[in-house]
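Hi everyone, thanks for coming. Please have a look at the picture I'm putting up, and then we'll walk through it together.

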Amino acid sequence: MVDVAWLIPAFPLLGFVLLILFGHRLGEPLAGWLATAASAGAFGSTVVALAGLLALDAPERFHIVELFTWLDVGSLEVDAGLLVDPLSITMSLFITGVGTLIHLYSVGYMHGDRNYSKFFIYLNMFITSMLLLVLGDNLLLTFLGWEGVGACSYLLISFWFDRGEDGTANAVAGKKAFVTNRVGDFGYMLATFLVFAGIGSINYDDIVTRAGELSPRTATLIVVLFLLAAAGKSAQLPLFVWLPDAMAGPTPVSALIHAATMVTSGVFLLTRLNPILAEAQLWSTGLIAWVGALTALFAATVAVAQNDIKRVLAYSTVSQLGYLFLAVGVGGYVPAIFHMVTHAFFKALLFLGSGSVIHGLHDEQDMRRMGGLQRFMPITAMTFIVGWLAIAGVPPFSGFWSKDEILLYAWNADEIGGKALWAVGLVTAILTAFYMTRLVVLTFFGRTRFYDPTAEEITAAWEARTGAADGFTAEAREAEKTAVAAVEKAREDVARKREAVTRAEEKLVVAREALDASDPAADEKAHDKLVKAFDRASASLPKAEEGVVTAEAKVAELAAAVDEAMAATRSRQSQVAALAGARDQAAMPDTVVTALTEPVELDDDLAGHLPESYRRRQEYHPHESPPTMTVPLVVLAVLAAVGGGLNLPFASNLHFLADWLEPSLFGNEVHVTASAATKWALAVIAVACGLCAIVAAFSVYLRGRQDPRRLEQPGMRRAWYVDETFANFFGGPGRLLFDGLARFDRGVIDGAVRGVAQGSSNFGDSLRALQPGFVRSYGLAVGLGSILMLLWFLGRMF
Amino acid sequence: MEVTQTWYLVLSALLFGIGFVGLLVRRNPLIMFMCIELMLNAVNITFVAFSNALDDVAGRTAVFFVLVVAAAEVVVGLSLVVALMRRRPSLTADELTSLRG
């Protein structure tokens, strides 16, 4: 029954081929169902293989199914064969099991995507590669799967390659993952060469039997190089930078590849190579443990300050993978695999839950905009809470058992600073409980902030409002200007009227003089005329004076209007200034603190200015996801709740997983020497600390007892600037180094290659003279040659 | 005067030499072809002479092989020569230089 193992990768491979050929024609949802069936077939075959393995005696559970000879070059012979042992079957079980659930979930999640069938092609190809990775019976076949999953990861991260910032961010994220993993692959290849040089074979059964032939120094170097490979694939310091960006892919991909399966392959590889780890010098395994512990702590601090729900889970994954490395480093392979399995359950559950939330909220990923969702999506919320309790280490959920096991093994590893490792692990556990509680509270509890205006919308409203105020101010200014112009005109009128008065006075004086000078007796007629003129002039003077008075009155009236207009302008201006001040004071919500418990206060005027997107959202209602999505959630929630039963610490006959994995570990598993009392104490401390962290997170994020901005430092949100440092280095001084290398490559390496080619060409040119094309000269050459050979023979004879 | 083996060898050498020199100095492809035939048959004489002297049938057997090969060669070679001459009756071997390097 073990020999059916070849069916395990064959099913998804078949699905992959069928989907490539007919996927487009099948369309939605048939393509998805076909892919799900292929994955389920692989799961069924794995169960059969598991039954076959259980039927064998424990020492024989290391079975190789040879398929064909792949390479046979000199002393290197590589078979394409499958290694069926407890380790590979355990991995296959959760890869195909969780994989099938995620396929099922994707049938609903990818609904309406225009590349629906392509998505499932990639998913099936991923499952095939991942199964080859874990089932391969030699390092090369594992490498094939290793690269295969890398390629699928690249394709799926940039699946929506035209989305993201600038329309390129997703494509860039995929490229980043691929390139970062190349760094690790270089370690993988060098280590494989060293294994071949050391023991002359890269088959796992030879490695198992002949690892002892390696010198400790070679073994150490191999371990360090494989650690580099594993750090790349499993996103450990310093190569973790790609994983948070990988969240650009569809959420089922984040769950399947970037949380449950592919990222654990580094840990799988180190576990598979436990005979070499056993030969290596102590510092190299210590390095594994410390890399893991520091990564766990580092990523946990970063996760506390993320606002994107998927990024929290991404950093959480990095942190949990750190735990797995810590476990492998201290020799606890069983806890590593145990936690890997439980983590696959609860992290897939959390990711799928977050996908359900994102789906129900119209692609909203910001936790500041969630809250109170348990009323809208009860199934998602219930299952998510199970996942949260599991990862936070609350007994009796699965995460508690596996995490405590790791902490216990760390405590036990005295030679490499076990107590410090334990302390780091404990701090990480506290942070984990804290940020996961934060996530759950912000998403499912508290006030529903979905309907709140977003920061962008408030900004837009403020802009609309100040824009309106600015418009009014401009109007007032305009009115003021017209009033001032009118006053000017009136003043000019007054001046004119005054001039008229002056003219009238002058006329009067002239008329009087003329009257005085004339003699009425001499010319009565003329005198009468002058008298009349004088009367007219004296009569026009009061009229003109009256005109001045009215004009002045008008000026005064208009001046009052100007004052009024100026006051209006000033009041408008002060209003605008007041608005700007108020806008500054109403600080834009940059962390969750704003509106955590109370909505942002907006006066009616501002609310009236909110843009269209706000009004549209008021009509939308968060909803529970369809059954294809909730069924996987429920199944995973059950697994996450009871997964701890795989390996219970109470009695030696309850160590199911440890007994089961024994044939794959060859006695390299460390045995814990701590007393029962110590074990209980450690467990109680961990649980107590975790519960305190949960309570603290509730008080901060649900009750608002503390300003979260004091906890969430900007450095944490930016992942301690590691990404920026990398970018600056590789863009700056690193660039010079690479340019130098490129010059060396072009000049010396390519130069040598081109030089050889040019040399051959020149040599050939010089030989052309020997080929004149004259048959008779060829004949002469043959004849002379025969004579020379004859002479040579004769010379030898005598 | 007895005809000894030396006579045959000398005859063979003379015929071979004539054929060889003819091959080198003549330019007519047909004549050159005949010269090659001459050289082949000179070798045949040597084979028969030694076969007779050593009383070994292998020499005569070799002659049959040579004859068969020569016949095959004539089939191919003559047809080529005829085809060439038909196209350009005044052709010389020195003009056939398409294979010059």
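This is a predicted model: local features need pLDDT of at least 70, side-chain atom pairs count only at pLDDT 80 or more; totals for chains, interfaces and linings use all residues.

Residues are numbered from 1 along each chain as its sequence is written, and chains are lettered from A and ligands numbered from 1 in the order in which they are written.

Let's begin with chain B. How many helices and strands does chain B have? There are 3 helices and 0 strands, where helices (H or I, at least four residues) and strands (E, at least two) are DSSP runs, numbered from the N terminus. The C-alpha atoms of chain B fill a box of roughly 50 × 25 × 25 Å along the principal axes.

Now zoom in on helix α2 of chain B, residues 29-54. The expected span here is 1.5 Å times one less than the number of residues. Just after α2(B) comes Asp55(B), with a positive phi of about 55 degrees.

Which residues of α2(B) are buried? They are Pro29(B), Met32(B), Cys35(B), Asn44(B) and Thr46(B). Buried means that 20 or more other C-beta atoms lie within 10 Å of the residue's own (exposed is 12 or fewer, partly exposed is in between), with C-beta atoms placed from the backbone. These buried residues pack against α1 (5-25) and α3 (57-87) of chain B. Over the whole of chain B, 10% of the 101 residues count as buried.

On to chain A. An automatic or database domain assignment divides chain A into domain 1 (281-450 + 627-713), domain 2 (456-614) and domain 3 (733-764 + 772-797). Taken over C-alpha atoms, the centres of domain 1 and domain 2 of chain A are 75 Å apart.

Finally, where do the chains meet? 11 residues of chain A are in contact with 11 residues of chain B, contact meaning that the C-beta atoms, placed from the backbone, lie within 7 Å. The chain A side has 5 nonpolar, 4 polar and 2 charged residues. Here Ala, Val, Leu, Ile, Met, Phe, Trp, Tyr, Cys and Pro count as nonpolar, Asp, Glu, Lys and Arg as charged, and the others, Gly among them, as polar.

Notes
Two residues are in contact if their C-beta atoms, placed from the backbone, lie within 7 Å.
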